Amino acid sequence: MRITAIAGGVGGARFVRGLRHHLDTTPDLADSEVTVVANTGDDITLFGLRVCPDVDTLLYTLGGGVDEGQGWGRADEGVRVQEELAAYGAQPQWFRLGDRDLGTHIARSQWLGQGQSLSQVTARLARRWGLPGRRITLLPMTDTPVETHVVVEDGDDERAIHFQEWWVRHQAALPARRFVVAGLERAHPAPGVLDAIRQADVVLLPPSNPVVSIGIVLGVPGVRDALRGTAAPVVGVSPLISGRPVRGHADACLRAIGVEPSAQAVGGLYEDFLDAWLVDPADAGATLRRARVEAFDGPLLMSDVEATGRIAAHALRLATAVSA
Ligand code: FO1
């Protein structure tokens, strides 16, 4: 089976890890191929290095090197370089880059500087993490540099700050008026992205942030049309339970775009291509115009790999049910 997932950072990575676990432990599914289309709107250039947080979170989580407690960054991390940068007063200091993590950014920046595309660089990083051997293909949504910025109030005026500054430095506490994704309108889907959507047997939307992760991938010209046109059933997993995000600040992001933070409202954002929407039992009353809404038979919490595998298995059963 060919499965394509549209993913953001921590939530998306954990979901894909659980999906892969379910496939690997289910005899007639073990040779299924998983393609992940990753959000690159979080990308930021720091200290002259290109940092791709969602791609790296997927690499580390699927490759077994992630700091499990944080959900992002490397396990067994050091902060020696960070300490030196602080000693020099190098800015910014609000975004923590560990020693091992910097290895990724240096390699990526060197190869990008040699003219390799983000897709080529990502494939090379993925090989080190053993993703091809696990039947996982990791694609950036586009090779065009894009960056999500957040327009925030500034007295009686407004100013734009990088998404990471809003998310990390301000913990999304500054009221956001809107999101502006620099470069998105002229971005092209990276090689393989549209085919991965059109030729999939199933397309899954993990419980990633619907505004700044999945929403950004959907904004790459051509992606939404491919999702509308694919013969594959498209099944999503709600990132909210009783109106609250399981982690992160999806509720602040939804309010910024004037959308109620609820499982039903998030499903409504995908209404034009969604076939089924898996929600927590607390949100079983959610209804969507076209997509079938089903409650998971337990808390919709990716508490560990096995629990996530059960959620992924339910999403795959839903895909079969709606395409029957
Ligand atoms: N998140 C934080 O809350 N604080 C950080 O200092 C931080 C550093 C960081 C470095 C590399 C990386 O790949 C991710 C990092 N993140 C940090 C998480 C990041 O902001 C989020 O994972 C995504 O950008 C949003 O999903």
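**Notebook: salt bridges and a parallel sheet**

I began at Asp251, which is buried at a relative accessible area of 9% (buried means under 20% relative accessible area, exposed over 50%, partly exposed in between, with a 1.4 Å probe and protein chains only). This is a predicted model, where local features need pLDDT of at least 70 and side-chain atom pairs count only at pLDDT 80 or more, while totals for chains, interfaces and linings use all residues. Residues are numbered from 1 along each chain as its sequence is written, and side-chain values use heavy atoms, with hydrogens and water left out.

**Salt bridges within helices**

I looked up the partner of Asp251 and found a salt bridge with Arg255, with 4.0 Å between the closest N and O atoms (a salt bridge is a side-chain nitrogen of Lys or Arg within 4 Å of a carboxyl oxygen of Asp or Glu). Arg255 is exposed, at 53% relative accessibility. The two residues sit four apart in helix H10 (residues 250-256), so about one helical turn separates Asp251 and Arg255. Helices here are DSSP runs of H or I with at least four residues, strands are runs of E with at least two, and both are numbered from the N terminus.

Next I checked Asp24 and Arg20, whose side chains meet in a salt bridge at 2.8 Å, N to O. They are also four residues apart, in helix H1 (residues 10-24). Arg20 is buried at 1% relative accessibility, whereas Asp24 is partly exposed at 40%.

**A link between loops**

Asp275 and Arg290 form a salt bridge too, with their closest N and O atoms 3.4 Å apart. This pair links distant parts of the chain, 15 residues apart: Asp275 lies in the loop between helix H11 (263-269) and strand S13 (276-279), and Arg290 in the loop between S13 and S14. I also noted a network of salt bridges with shared partners, joining Arg224, Asp225, Arg228 and Asp272. My count by this rule came to 20 salt bridges.

**The sheet**

In what order do the seven strands of the open sheet run? I read S5-S2-S1-S9-S10-S13-S14, with parallel pairing (two strands pair if DSSP finds at least two bridges between them). Strand S5 (136-140) and strand S14 (292-295) are the edges, each pairing on one side only. From one strand to the next the twist averages 20°, with axes fitted as lines to C-alpha atoms, for helices over the stretch in contact, and angles running from 0 to 180 degrees between N-to-C directions.

Helix H2 (residues 53-63) packs on this sheet and touches strand S1 (2-7), strand S2 (33-38) and S5 (contact means heavy atoms within 4.5 Å). The direction of H2 makes about 170° with that of S5.
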